[in-house]
Amino acid sequence: MSMKHVAAGLRRSLQHHPKVFHRRAMVELTLQQALQAGINAHRAGNYESADRYYTAILNAHPQNPDANHNMGVLAGGLGKISEAVQFF
């Protein structure tokens, strides 16, 4: 599943929800907890999970600088330079 596909699906599902949720466990997370979970997943090489966390944050807070930066780094690290640029 592509990063763009995952991001689009989460954007649609969380578009009108003000809080960030972990998709599988349906546990409500704070913005900082979701960001840290995304960072941890990213560092562990679990890129789809990192993408889900960063995307959920951006759905609730589109201008969040940390999530935008991390999403750009994630996309760039996967060689998706044209997609990465939009997050910087």
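A residue counts as buried here when its relative accessible area is under 20%. Keep that cut-off in mind for these close-ups of a predicted model.

**View 1. Helix α3, a largely enclosed helix.** Of the 14 residues of α3, 10 are buried, so the rest of the structure largely encloses this helix. The buried set includes Ser49, Asp51, Thr55 and Asn59, along with Ala50, Tyr53, Tyr54, Ala56, Ile57 and Leu58. The end C-alpha atoms of α3 lie 20 Å apart, which agrees with the 20 Å that 14 residues should span at 1.5 Å a residue.

View 2. Residues 31-43 form α2, whose 13 residues reach 18 Å from the first C-alpha to the last, close to the expected 18 Å. Ala34, Leu35, Gly38, Ala41 and His42 are its buried residues. Looking down the axis of α2, you will find these within an arc of 125°, so they line one face of the helix. Turned away from that buried side are the exposed residues Gln32 and Arg43. Just after α2 comes Gly45, with a positive phi of about 85°.

**View 3. The largest nonpolar core.** This core has 13 residues, and those touching the most other members are Ala34, Ala50, Tyr54, Ile57, Leu58, Met71 and Leu74. At least two residues come from each of α2, α3 (47-60) and α4 (65-77), with α3 giving the most, five.

**View 4. The surroundings of Tyr54.** Which residues does Tyr54 touch, leaving aside those up to four places away in sequence? They are Leu35, Gly38, Ile39, His42, Ala67, Asn70, Met71 and Leu74.

Note on methods. Residues numbered from 1 in each chain as written. Predicted model: local features only at pLDDT ≥ 70, side-chain atom pairs only at ≥ 80, totals over all residues. Heavy atoms only, no water. Helix = DSSP H or I, 4+ residues; strand = E, 2+ residues; numbered from the N terminus. Expected span 1.5 Å × (residues − 1). Buried < 20%, exposed > 50% of the residue type's maximum accessible area, 1.4 Å probe, protein only. Arc of directions from axis to C-beta. Core = buried A, V, L, I, M, F, W, Y, C linked by side-chain atoms within 4.5 Å. Contact = heavy atoms within 4.5 Å.
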